[in-house]
Amino acid sequence: MAEKFDLVIIGGGNAGYIPAIRASQLGMKVALIEKREGGHLGGTCLNVGCIPTKALLQTAHLLHDAKNGEEFGVKTGEVEFDYPQAAKRREQVVTQLRRGVQGLMKKNKVTVYNGVGSFVEPKKIKVENGEGTEELEAEKVLISTGSAVNTLPGLEFDGEKVISSDDIVTNNESYPKSVIILGSGAVGVEFASMYKDFGTEVTIVEILDRLVPLEDPEISEALRKSFEKRGINVMTGTKADPESLEKTDSGVKIKIASADSGEKEETKGEGGSYGGEDPPTGDADGGDTIEAEALLVAVGRKTVTEDLNLDVTDVEINERGIIQVDGYGQTAADGIYAAGDVVGGYWLAHEAGHEGIIAAEHMAGEDPMPMDRSLVPRVTYCRPEIASFGLTKAQAEEEGYEAKEAKFPFQAIGKALIEGEPNGFFKIVTDAETDMILGMHAIGPKVTDLITEGVFAKLVEGTPEEIAMTIHPHPSLSEVVGEAAMAAEGHPIHF
Ligand SMILES: Cc1cc2nc3c(=O)[nH]c(=O)nc-3n(C[C@H](O)[C@H](O)[C@H](O)COP(=O)(O)OP(=O)(O)OC[C@H]3O[C@@H](n4cnc5c(N)ncnc54)[C@H](O)[C@@H]3O)c2cc1C
Ligand SMILES: NC(=O)c1ccc[n+]([C@@H]2O[C@H](COP(=O)([O-])OP(=O)(O)OC[C@H]3O[C@@H](n4cnc5c(N)ncnc54)[C@H](O)[C@@H]3O)[C@@H](O)[C@H]2O)c1
């Protein structure tokens with residue numbers, strides 16, 4: 001007999017385990033199915049994404065600080081980098097958090113199944129693993145099967161010379177001494193920053209005309225300046241020709257050319273920050289050849305839906321593999337919801353968890369606020385960090401707003417000087433007519449933390465005037481938010 005649940009969730013990442021907790025809090029009997037080897041919950045983020053990446057970036061940060069301590073009066077002698085130890089610590093952090101999530105499932109009485117989940121019927125789910133098959137009956141189903149690494153035809157991952165983010169965060173032995181990074185989205189620039197601090201020679205090849213092309217153009221420019229100052233070789237408006245890839249004894253060689261030359265052709269990329277739009281690519285006719293020990297392909301990810309047997313349901317999925325949902329995560333099939341990377345958007349962990357909570361509350365009969373992507377903070381942990389939400393001035397104008405923007409530099413913030421990171425800025429975009437906040441865009445120290453104040457202000461329909469009235473502690477980096485708000489009101493104090 002199939003065991004009955006109020007909710008069966010397929011996929012144990014942020015969009016799965018977080019709503020499992022919320023649904024249980026709301027009195028639902030919940031099953032969570034995860035196929036990852038070892039049954040590890042936490043999905044991409046905990047196992048091969050946010051957490052291991054940031055653990056390695058923390059090592060990179062410390063290494064940079066240790067090498068540059070003299071300016072602060074700290075002499076360390078010759079600084080040595082022990083990569084296997086950094087990898088060990090990365091793994092310890094991941095293991096501890098995995099245990100934490102398992103503990104939370106137990107505490108919230110969520111029944112966890114290790115295996116591949118698929119639909120037998122719209123409300124009947126099969127779990128298959130090496131030991132056999134079980135069937136579960138569900139009142140409601142949440143699909144949260146997430147995304148996986150993706151590449152271009154001709155650049156198949158081999159784990160050594162042509163690598164993905166998964167390969168980097170699971171390598172316990174070594175790292176390349178030179179690397180070509182294809183793509184300058186979050187994955188590309190975070191690993192570029194990390195590798196540079198590790199002492200690797202880094203070349204970024206980005207097909208569009210600027211780094212982090214989805215951010216405010218001034219952020220792209222500030223990042224380019226900073227990266228070039230650090231000795232990272234930045235090649236924007238440049239394409240690499242996958243067909244020209246040559247694996248040599250020491251690594252890879254690939255031909256590059258201006259992105260304007262040659263025929264444009266479609267990539268197989270299914271989303272990433274493009275949310276379904278195709279980034280352009282093409283052959284590099286003529287052009288130079290560049291070489292390195294490894295080629296990191298960071299051109300976006302693809303959704304994971306292939307095991308689900310969605311054909312027996314009315315769930316609609318677009319040609320990019322994105323499941324179509326409304327603001328509460330409801331698919332076209334009655335009682336079947338979806339959340340996280342699999343429904344598109346910005347493909348971020350906190351967005352995934354939030355969408356999952358909305359879905360859980362909605363199916364439990366609560367009245368949650370529907371998903372509003374203009375309130376999703378986008379955060380990139382390269383050095384300098386980048387954070388933003390909502391619209392840029394140009395995007396706001398395209399949407400018909402009479403937009404204005406105000407900017408305040410970290411250079412005039414005492415704490416930024418104290419921390420030795422005086423570059424970057426915090427920008428606020430507002431509607432000139434109503435003073436409504438439309439977006440914020442920042443590059444500089446700890447902006448991934450600072451952005452939350454702006455998101456909260458927008459959530460409660462606050463204005464720059466109210467942020468300016470908020471007393472910010474001194475000296476603190478948060479003063480940049482207060483000053484940017486005063487600048488939006490026309491009266492910054494320290495600049
Ligand atoms: C290198 C890297 C760094 C990142 N850093 C950040 C960051 O700093 N901040 C941030 O916000 N985001 C970051 N992200 C993005 C973030 O990891 C994802 O947005 C987030 O993991 C999405 O959560 P999800 O639950 O939708 O999907 P996933 O985390 O992909 O989880 C889906 C889970 O479903 C399982 N699954 C799939 N199919 C089945 C099936 N049929 N049966 C059972 N189980 C199944 C998978 O094994 C997986 O565990 C990063 C991503 C990468 C690759
Ligand atoms: N800190 C974070 O929040 C974080 C970190 C890592 C990943 N992520 C998420 O993971 C997802 C995947 O990230 P990503 O960086 O792989 O993808 P992305 O879609 O964000 O960026 C891909 C980049 O590759 C470029 N590109 C595409 N085809 C190319 C080609 N043929 N040659 C050269 N450049 C090419 C694109 O123009 C784009 O700039 C993102 O949606 C992101 O939100 C988030």
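1. Gly340 sits in the loop between β19 (336-338) and α8 (349-363); helices (H or I, at least four residues) and strands (E, at least two) are DSSP runs, numbered from the N terminus. Gly340 is buried, at a relative accessible area of 3%. For the cut-offs, buried means under 20% relative accessible area, exposed over 50%, and partly exposed in between (1.4 Å probe, protein chains only). Leaving aside neighbours within four places in sequence, Gly340 is in contact with Ala15, Ala352 and Glu355, where contact means heavy atoms within 4.5 Å. Its C-alpha lies 29 Å from that of Asp209, which is 131 residues away along the chain.

2. Before going on, a word on what you're looking at. This is a predicted model, in which local features need pLDDT of at least 70 and side-chain atom pairs count only at pLDDT 80 or more, while totals for chains, interfaces and linings use all residues. Residues are numbered from 1 along each chain as its sequence is written, chains are lettered from A and ligands numbered from 1 in the order in which they are written, and side-chain values use heavy atoms, with hydrogens and water left out.

3. Now Thr380, in strand β20. Beyond its neighbours within four places in sequence, Thr380 is in contact with Ala186, Val189, Glu190, Glu385, Ile386 and Thr448.

4. On overall dimensions, the chain does what you'd hope. A compact globule of 495 residues would have a radius of gyration near 23 Å, and the chain has 23 Å, so the two agree; that radius is taken over C-alpha atoms, and the globule rule is 2.2 Å times the number of residues to the power 0.38. Along the principal axes, the C-alpha atoms fill a box of roughly 70 × 60 × 50 Å. The chain has 13 helices and 24 strands.

5. Buried residues make up 52% of the 495 residues. The accessible surface comes to about 22600 Å², and 47% of that belongs to carbon and sulfur atoms; areas come from the Shrake-Rupley method with a 1.4 Å probe, and for residues only the protein chains shown count as cover. Of the contacts between residues at least 6 apart in sequence, 65% join residues at least 24 apart.

6. Domains next. The assignment gives domain 1 (3-146 + 304-373), domain 2 (149-301) and domain 3 (384-488), with bounds that come from an automatic or database domain assignment. The C-alpha centres of domain 1 and domain 3 lie 30 Å apart.

7. Two cis peptide bonds deserve a look. One runs from Arg383 to Pro384, with omega near 0°, and Pro384 is in the loop between β20 (378-380) and β21 (385-390). Another joins His474 and Pro475, with omega about -5°; Pro475 lies in the loop between α12 (464-469) and α13 (479-488).

8. Check the backbone at the positive phi angles as well. Lys109, although not a glycine, has a phi of about 55° and lies in the loop between α4 (83-107) and β3 (111-114). Lys109 is exposed, with a relative accessible area of 70%. Lys446 also isn't a glycine, and its phi is near 55°; Lys446 is in the loop between β24 (437-444) and α11 and is partly exposed, at 38% relative accessible area.

9. How many of the residues of α13 are buried? Ten of its ten residues are, so the helix counts as mostly covered. Among them are Glu479, Glu483 and Met486. The cover over the buried residues of α13 includes β22 (403-409), β23 (425-431), α11 and α12. After α13 comes Gly490, with a positive phi near 90°.

10. Last, the surface. Met369, Phe456, Leu459 and Val460 make a nonpolar patch of about 410 Å². Patches are made of residues with over 30% relative accessible area and no salt bridge, with like charges joined within 9 Å and nonpolar side chains (Val, Leu, Ile, Met, Phe, Trp, Tyr) within 5 Å; a salt bridge is a side-chain nitrogen of Lys or Arg within 4 Å of a carboxyl oxygen of Asp or Glu. Phe456 is in helix α11 (residues 447-459) and is exposed, with a relative accessible area of 52%.
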